[in-house]
Amino acid sequence: MDTVNRGTGVLLLLGLAHSLNHSLFLVLPPLLEEITRDLGVSYQTIGAVATVSFLLYGAGALVGGPLSDRVGYVRISGISIALAGVSTAIFLLPKSLGVFSAGMYMLAIWASFYHPVANTLISKMFPVNTAGAMGLHGAAASLGQMFTPTVAYLIGVYVDWRYAFAFFGGVSVVAGLLLLRVPDVGLPEASERVSPFKVLAVPNLWVIIMFNVVLGLFQRGVELFFPAFISADRGFSGQSAAIANSVLLLFGVVGQLVGGKAADRYSSERVVMFASAGMVASMLILLLVPSPYIGVPLFVVLYGISLYGHQPAMTALLGRVSPPSLMGAAYGVMFFFAFGLGSASAAIAGYIADSFSLEASFWIMALFAFMALVISLIIPRVIRRSRGASSAGEI
């Protein structure tokens, strides 16, 4: 019982850290127009900075996963979130594009270790109801994140956008220090150094990587430009756009819990397919429904549930197909492709928004969403075929 309680306690603390890990990036979208105006730069420029930040965020996962396999999962998680928080002090230096970029880059580097480490830890702590545990971890994060856009907007508009970053950075430092006080759960056994890219030979991993790359190609762009889009193109005020973003994250809590439970009860592959269909439908609703006061709320509900609902199923699926000795490295590789290569979305969306319109950039994001749906339909077939081949080999 003590072990169960301890594991639950660590899971909740990881949920707080997970929330702040994303909150540090969620400060930017509701303040995008404020920051571009204050720094005198274009959407394309901020999109390029965001792209490099997400590339670093993804690349660092290649280090965090294998490192946690050797040093300790809780320890690396605490160091990651604490130093990411410390990095926000850079934003308090005199305003310039260079300072803003340096703050985003340092924040991304330290924050990048978190995801593969936490997901490996959860997979090892909860080997039976893995997707459900992943859902709780994600739901706790979404519950905290849902306040971020509104709080960040209020601080940024009524005080200064730099202090919005610093506020969430300070809370992150406190969370990291709390996490570092927790004894490591399931310390990894000593093992030989493994190249992260060795996991590319794992059967079934290629189709999961393809899905996550394409998912990243629209998720990052939608996340960054959604508040600006409904503010500039759909007539919402800046504060209403920030609140809409917060409500989206509220439905993300529902998606995490439902997606995790459904994946454990039915299958991760099936949940990923339904969630992918929901993402496509939500993008079409946002773009095609004539009244923004109907289309935007419907998008917020369906996209929030679908996007966040796929996450526990996908992370549980990766844990299932990865050998235990390579699990940390496998999560690192997956997040590198999802956050790293998928980070091009921010630059693409920014370029199209400046060259054409924000609506045009969202049509491109909808195309990427459709591509992710197509790949999700292939995943069950690939895994089923691989299992059949393995069974035949054993015989």
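Biologist: Where is the place of V159?

Modeller: The model is predicted, with residues numbered from 1 along each chain; local features need pLDDT of at least 70 and side-chain atom pairs 80 or more, whereas totals for chains, interfaces and linings use all residues. Side-chain values use heavy atoms, without hydrogens or water. Helices are DSSP runs (H or I, at least four residues) numbered from the N terminus. On that assignment, V159 is in the loop between α8 and α9 (161–180).

Biologist: Is V159 buried or exposed?

Modeller: The classes rest on relative accessible area (buried under 20%, exposed over 50%, partly exposed in between; 1.4 Å probe, protein chains only). With a value of 58%, V159 is exposed.

Biologist: What is the separation of the C-alpha atoms of A102 and S53?

Modeller: A102 belongs to helix α5 (residues 97–111) and counts as partly exposed, at 30% relative accessibility. Along the chain, A102 and S53 are 49 residues apart. Their C-alpha atoms are separated by 9.4 Å.

Biologist: How many salt bridges does a search of the whole structure find?

Modeller: The criterion is a side-chain nitrogen of Lys or Arg within 4 Å of a carboxyl oxygen of Asp or Glu. One of the pairs that meet it is E34 with R37. For the whole structure, the search returns six.

Biologist: Why are E34 and R37 separated by about one helical turn?

Modeller: The closest N and O atoms of this salt bridge are 3.0 Å apart. E34 is partly exposed at 25% relative accessibility, while R37 is exposed at 58%. The separation is about one helical turn because the two residues lie three residues apart in helix α2 (residues 32–39).

Biologist: How many residues apart in sequence are the parts that D38 and K95 tie together?

Modeller: The side chains of D38 and K95 meet in a salt bridge with an N to O distance of 2.7 Å. D38 is partly exposed at 35% relative accessibility, and K95 is partly exposed at 40%. D38 lies in helix α2 and K95 in the loop between α4 (73–87) and α5, so the pair ties together parts whose distance in sequence is 57 residues.

Biologist: Which residues are linked with D38 and K95 in a network of salt bridges?

Modeller: D160 and R162 also form a salt bridge, their closest N and O atoms being 3.3 Å apart. Both D160 and R162 are buried. The network linked with D38 and K95 includes D160 and R162.

Biologist: Which residues lie nearest the centre of the largest cavity?

Modeller: A cavity is a set of points on a 1 Å grid over the protein atoms alone where a 1.4 Å probe fits but cannot get out, and lining residues have an atom within 4 Å of a point. The largest cavity is lined by 26 residues. Nearest the centre lie H115, Q311, T315, F335 and F339.

Biologist: Which helix gives the most to the lining of the second largest cavity?

Modeller: Among the residues that line the second largest cavity are L26, Q219, N245 and Y303. At least two lining residues each come from α10, α11 (238–265) and α13. The most, four residues, come from α10.

Conventions: On a 1 Å grid over the protein atoms alone, a cavity is a set of points where a 1.4 Å probe fits but cannot get out, and a pocket is an open set with protein on both sides within 12 Å along at least five of seven lines; lining residues have an atom within 4 Å of a point.
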